[in-house]
Amino acid sequence: MVFTETFSLSTRGFCHIIDITGNVAKVADRSGVANGSVTAFCPGSTCSITTIEYEPGAVQDLARVIEEIVPSNVSYEHDRRWGDGNGFSHVRAALLKPSITVPLLKGKLALGTWQQIVFLDFDNRARNRDVIVQVVGE
Amino acid sequence: MVFTETFSLSTRGFCHIIDITGNVAKVADRSGVANGSVTAFCPGSTCSITTIEYEPGAVQDLARVIEEIVPSNVSYEHDRRWGDGNGFSHVRAALLKPSITVPLLKGKLALGTWQQIVFLDFDNRARNRDVIVQVVGE
Amino acid sequence: MVFTETFSLSTRGFCHIIDITGNVAKVADRSGVANGSVTAFCPGSTCSITTIEYEPGAVQDLARVIEEIVPSNVSYEHDRRWGDGNGFSHVRAALLKPSITVPLLKGKLALGTWQQIVFLDFDNRARNRDVIVQVVGE
């Protein structure tokens with residue numbers, strides 16, 4: 001059985017990291033699937049999905065390290081060609097990748113106690129975003 | 001329903017980044033699956049799959065950042081033991097990981113408008129590569 | 001068909017990298033599934049799963065690069081708030097992500113010849129860990 005639903009987010013961009021665990025869990029609930037896998041996917045080339053302990057310190061640490069690995073204040077070829085100034089956003093999204101898959105066990109996401117699913121918006125402006133949640137199971 | 005097909009690529013190595021969206025979409029088409037998930041996986045320890053806006057600037061930016069994170073011109077323990085000179089390739093592939101999962105909705109990959117699926121060959125020589133595409137759905 | 005099993009690991013923490021290919025393959029065997037996808041997922045916010053050629057040189061190289069990208073000896077906001085000293089572990093786990101999906105073909109994991117599935121424990125102490133393996137297929 002396959003169940004798919006999309007939800008929307010308003011983000012501030014600039015590595016805005018949002019806890020979407022509740023949104024994903026609600027789709028899993030509505031699917032009626034007991035056991036299977038849940039994939040959350042962001043259709044976009046300047047955003048990613050991963051997991052982290054969602055407390056302000058760890059979230060700030062992640063954003064700082066991403067800024068160090070892929071700085072926003074250096075020159076990107078993408079920007080020279082397209083002038084939209086978000087070359088760093090594209091590189092970050094390609095490194096972090098757009099999806100996460102979490103097992104669903106007896107109707108519950110099999111996350112650790114301190115592990116939340118997060119959406120990262122790397123773009124250089126506020127955005128409205130869709131996240132596709134797909135449950136495959138029985 | 002599970003449908004699996006493999007396609008082949010000739011690559012130049014050295015962080016050669018190839019748009020494989022069309023190859024993956026063709027397998028999804030042939031699967032006859034309407035709704036489900038599509039996983040593209042590279043069986044190999046010196047290559048990866050992710051998504052990016054496939055335009056030359058962003059692709060060049062990604063390659064540059066990967067070179068900065070995992071330089072090809074420093075010494076690797078792998079090379080001291082095996083002498084094949086591709087220690088950097090192994091580290092890059094482990095960080096970027098070998099697969100991507102994309103939802104399939106009404107027979108279409110649920111990618112963003114500017115989001116393509118890409119194969120990254122990190123090896124230090126030209127290679128012939130297989131990519132396994134697996135569709136699970138109904 | 002969905003088949004799920006959990007196995008346990010004892011780790012030393014501090015970027016201890018463990019080959020879990022055999023553990024994952026055993027679950028795939030017991031599932032009785034011939035063709036489908038196998039997801040290995042770690043429920044925890046300080047560990048990750050990826051693939052690498054599991055030889056001591058490449059494993060040491062990966063650990064060194066991770067230490068360079070996310071150093072263990074700098075200050076993290078997470079540590080200031082919680083005092084558990086594993087801010088670096090959380091950031092590493094968020095970047096490397098908690099799961100891997102590998103196709104299963106005729107009952108065999110479709111890994112490359114030199115490609116193993118590895119668990120990375122980024123925490124700052126020894127841990128007992130669970131890994132959830134889920135097989136979806138037919």
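Reply: Two residues are in contact if their C-beta atoms, placed from the backbone, lie within 7 Å. This is a predicted model, in which local features need pLDDT of at least 70 and side-chain atom pairs count only at pLDDT 80 or more, while totals for chains, interfaces and linings use all residues. Residues are numbered from 1 along each chain as its sequence is written, and chains are lettered from A and ligands numbered from 1 in the order in which they are written.

Me: How many residues of chain A are in contact with chain C?

Reply: On the side of chain A there are 28 residues, and they are in contact with 26 residues of chain C. The elements of chain A that give two or more residues to this side are β3 (36-41), β4, α2, β5 (99-105) and β8 (127-137), where helices (H or I, at least four residues) and strands (E, at least two) are DSSP runs numbered from the N terminus. The largest share, 7 residues, comes from α2(A).

Me: Switching topic, what does chain A look like overall?

Reply: Its secondary structure comes to 4 helices and 8 strands, and from the N terminus on the elements of chain A run β-β-α-β-β-α-α-α-β-β-β-β. The radius of gyration of chain A is 16 Å, close to the 14 Å that the globule rule gives for 138 residues, so the chain is as compact as a globular protein of that length; the radius is taken over C-alpha atoms, and the rule is 2.2 Å times the number of residues to the power 0.38. Of the 138 residues of chain A, 56% count as buried, a residue being buried if 20 or more other C-beta atoms lie within 10 Å of its own, exposed if 12 or fewer, and partly exposed in between, with C-beta atoms placed from the backbone.

Me: Now α4 of chain C, how many of its residues are buried?

Reply: Helix α4 (residues 87-96) of chain C has 10 of its 10 residues buried, including C:F88, C:H90 and C:L95. What covers them includes β4 (47-52) and α2 (56-69) of chain A, together with β4 (47-52), α2 (56-69), α3 (77-82) and β7 (116-121) of chain C. The helix is followed by C:K97, whose phi is positive, near 70 degrees.

Me: And where do the buried residues of α2(C) sit around the helix axis?

Reply: The buried residues of α2(C) are C:A58, C:V59, C:D61, C:L62, C:V65 and C:I66. Seen down the axis of α2(C), they fall within an arc of 160 degrees, so they line one face of the helix, the arc being that of the directions from the helix axis to the C-beta atoms. On the other side of α2(C), C:P56 and C:E68 are exposed. The cover over the buried residues of α2(C) includes α3 (77-82) and α4 (87-96) of chain B, together with β2 (16-19), β4 and α4 of chain C.

Me: Back to chain A, what is phi of A:C15, and is the residue buried or exposed?

Reply: Phi of A:C15 is near 65 degrees, a positive value in a residue other than glycine. A:C15 is found in the loop between β1 (2-11) and β2 (16-19) of chain A, and it is buried, with 23 other C-beta atoms within 10 Å.
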